[in-house]
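Colleague: I am new to this structure. Please take me through one part of it closely.

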Amino acid sequence: MISSRYETHNIKNTLLPFIFHPSFKMSRRVKTPNWHKNIEFLQCINGEGFVRCDTDIVPLRENSLVTVNSDVVHSIGTDSELEYRCLILDNDFLISNGIPADALS
């Protein structure tokens, strides 16, 4: 059985309601699948890999951007080298501003 984990994001800054990770580097591995209520954007900076969203596999290549919807089990992997950045937006902030966070893709 493949393990996965739920991520709780405590975004308390209402002026900047997001989490930004400017650079993750990985090689020849797949991260543990996770899911969360907030929307996540993954951008490849260098190399190539993939994002598995539920049962779909989306290629991740330099300058490509992948949107991970709310409550989608996802993992990131590569058979070579991959550097990517990650932006997680607070769903409550999006909804309160008229952006249908649960319907984006």
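Which residue in S5 is the bridge partner of Val51?

Modeller: The partner is Val58. First, some ground rules. This is a predicted model, where local features need pLDDT of at least 70, side-chain atom pairs count only at pLDDT 80 or more, and totals for chains, interfaces and linings use all residues. Numbering starts from 1 along each chain as its sequence is written, and side-chain values use heavy atoms, without hydrogens and water.

Now to strand S4, residues 39–53. Strands are DSSP runs of E, at least two residues long, and helices are runs of H or I, at least four; both are numbered from the N terminus. Two strands pair if DSSP finds at least two bridges between them.

S4 pairs with S5, residues 56–61, in the antiparallel sense over six bridges. Together S4 and S5 make a hairpin, with two residues between them. Asp54 sits in that turn and has a positive phi of about 55 degrees.

S4 also pairs with S6, residues 65–68. That pairing is antiparallel too, over four bridges. Here Gln43 stands opposite Leu65.

Then comes S7, residues 74–89. It runs antiparallel to S4, and 12 bridges join the two. Glu40 stands opposite Ile88 in S7.

Now step back to the whole protein. It has seven strands and one helix. Along the sequence, the pattern is β-β-β-β-β-β-β-α.
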